[in-house]
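Subject: Model for your review

Hello,

Please find the sequence and the structure below. My notes on what was found follow after them.

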Protein chains: 2
Amino acid sequence: MLQNIRVVLVNTSHPGNIGGAARAMKNMGLSRLVLVDPLDFPSHEASARASGADDVLENVQVVATLEEALVGTTMVLGTSARERRIPWPLLDPRECGSKSVEEAAQVGGEVALVFGREHAGLTNEELQRCHFHVHIPSNPDFSSLNLGAAVQVLAYEVRMAWLAAEGQASKTEKVEVASVKSAELSTSDEMERFYDHLESTLVEIGFLDPQSPRHLMARLRRLYGRSSVAKAEMNILRGILTETQKVARGEPHKRKD
Amino acid sequence: MLQNIRVVLVNTSHPGNIGGAARAMKNMGLSRLVLVDPLDFPSHEASARASGADDVLENVQVVATLEEALVGTTMVLGTSARERRIPWPLLDPRECGSKSVEEAAQVGGEVALVFGREHAGLTNEELQRCHFHVHIPSNPDFSSLNLGAAVQVLAYEVRMAWLAAEGQASKTEKVEVASVKSAELSTSDEMERFYDHLESTLVEIGFLDPQSPRHLMARLRRLYGRSSVAKAEMNILRGILTETQKVARGEPHKRKD
């Protein structure tokens, strides 16, 4: 089940932190590390700090964009240090652990824990790709955790939640019932294609002015992002968009009149 | 209250770990660090890894023996990686956090969290000076946490317990989550008007055939019904429908082209 939870590090500057993250992951039983455009990798320093978690580094997946890192995921949780203008469903690490394990236990459930740059964190755009933001509580006067330490805290909470779930043997029924659900959920990449389609449709009908977008897409992402859209529902939404575009373009469409 | 909780590192080999521990402590609001016979301290590497937690390092107390480090304590908790021959009260990190905070809140309560050597941990004799042993759950095949990471996990659990005790239960989070929730939700009558509007729009664009509705509205009700649509989001959805209708009716609409 833990293999369904990937750790994604975005634009990491210091290879030592990649090694520290790998070690923290392996200690807690996580193995899938994805690096988005790291500044310095592979590196001796990463291997040194991994100190024994070499297999995690050997199997690392290096990609160019966050989109690629999230392909196949059904739940994305992004760490956020600061308060953002647009409110978003916010979890503490403990809630993050239980949500991740719950999702990863579903058939087809694939979870990403996303960590931002050492000094700048995740951009607003990146945070908007996340279903949940996770804030690690910290001293307000000194709140910036080391990247490896942040990975350690979330990986630890994942393990605690996993151990708790394993302890509940009688849960199987629940998992099976729910498992039908997750296999049918839209993945992150399917959601991204939907948002692209939605955005271009809104421009075509004149509802969205590209010159003055007013956080409109962010708000719609938040709405649909928290809904766990099923694949069947996605087909309906995409169908509506396609018909709307035909109408806007004056193309023949299904209307019978 | 957190100032009544000290972190004790015994015979640390690598100064980088001392710096990492200091940073983890300060992030979580702990400030009192005691080093028992460190191999290499003070050190540039410790300061570098502390990256901003210099005050913790400046106020560090260096002593020769564990006894000295424990002077004044009323509760001692020692980390233990391995199972010991002598059974001892064993806590997980979460229990360690709540016990520590409970004790530190007492008048005169003084708590020590004791961490052993990087490779050998604490000796049996040292462990016997502890009231409780703390085991950080980890992958049995790769169980040795980095020292800074171990400090991070326990300090994090101390902070979580402290926040819970303060009644703040991670104050900022609660406020933010609440702000999402208290963003007024659409009432059921508003939702009904939305469904009516959605249905007539889908008929107008030809997506919904009133002669053969195929449970389409039921599916859309299920999707939007589980999303707890905020009033502000509802305004967006209704706005999209209105613009779509104008396009379908060939009426002037906002599109600029």
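**Helix packing in chain A**

In this predicted model, helix H9 (residues 188-204) and helix H11 (residues 231-249) of chain A have axes that come within 10 Å and cross at roughly 25°. The cut-off for roughly parallel is under 35 degrees, so H9(A) counts as roughly parallel to H11(A). The crossing of the two helices is left-handed. On the H9(A) side the contact is made by A:Glu190, A:Phe194, A:His197, A:Leu198, A:Thr201 and A:Glu204. H11(A) contributes A:Met234, A:Leu237, A:Arg238, A:Leu241, A:Thr244, A:Gln245 and A:Ala248. By class, the residues of this contact are six nonpolar, four polar and three charged.

**Domains of chain A**

Chain A is assigned two stretches: domain 1 covers 2-170 and domain 2 covers 186-249. Taken over C-alpha atoms, the centres of domain 1 and domain 2 of chain A are separated by 28 Å. Where these domains touch, 12 residues of domain 1 are in contact with 10 residues of domain 2. The domain 1 side of that contact consists of six nonpolar residues, five polar and one charged.

**Contact between the chains**

Between the chains, 52 residues of chain A are in contact with 54 residues of chain B. Four helices of chain A each supply at least two residues to its side: H1 (15-27), H7 (147-167), H10 (216-225) and H11. Which helix gives the largest share of the side of chain A that touches chain B? That is H11(A), with eight residues. The chain A side divides into 25 nonpolar, 15 polar and 12 charged residues.

**The sheet in chain B**

Chain B has an open sheet of seven strands with parallel pairing, in the order S3-S2-S1-S6-S4-S7-S5. At its edges are strand S3 (61-63) and strand S5 (90-91), each of which pairs on one side only. The partner of S5(B) is strand S7 (residues 132-134) of chain B, and the two pair in the parallel sense over two bridges. Within that pairing, B:Leu90 has B:His133 of S7(B) as its bridge partner.

Regards

Methods
Residues numbered from 1 in each chain as written. Chains lettered and ligands numbered in written order. Predicted model: local features only at pLDDT ≥ 70, side-chain atom pairs only at ≥ 80, totals over all residues. Axes fitted to C-alpha atoms, helices over the stretch in contact; angles between N-to-C directions. Parallel < 35°, antiparallel > 145°, perpendicular 65-115°, else oblique. Left-handed = near helix turned anticlockwise from the far one by under 90°. Contact = placed C-beta atoms within 7 Å. Nonpolar A, V, L, I, M, F, W, Y, C, P; charged D, E, K, R; others polar. Domains from an automatic or database assignment. Pairing = 2+ DSSP bridges.
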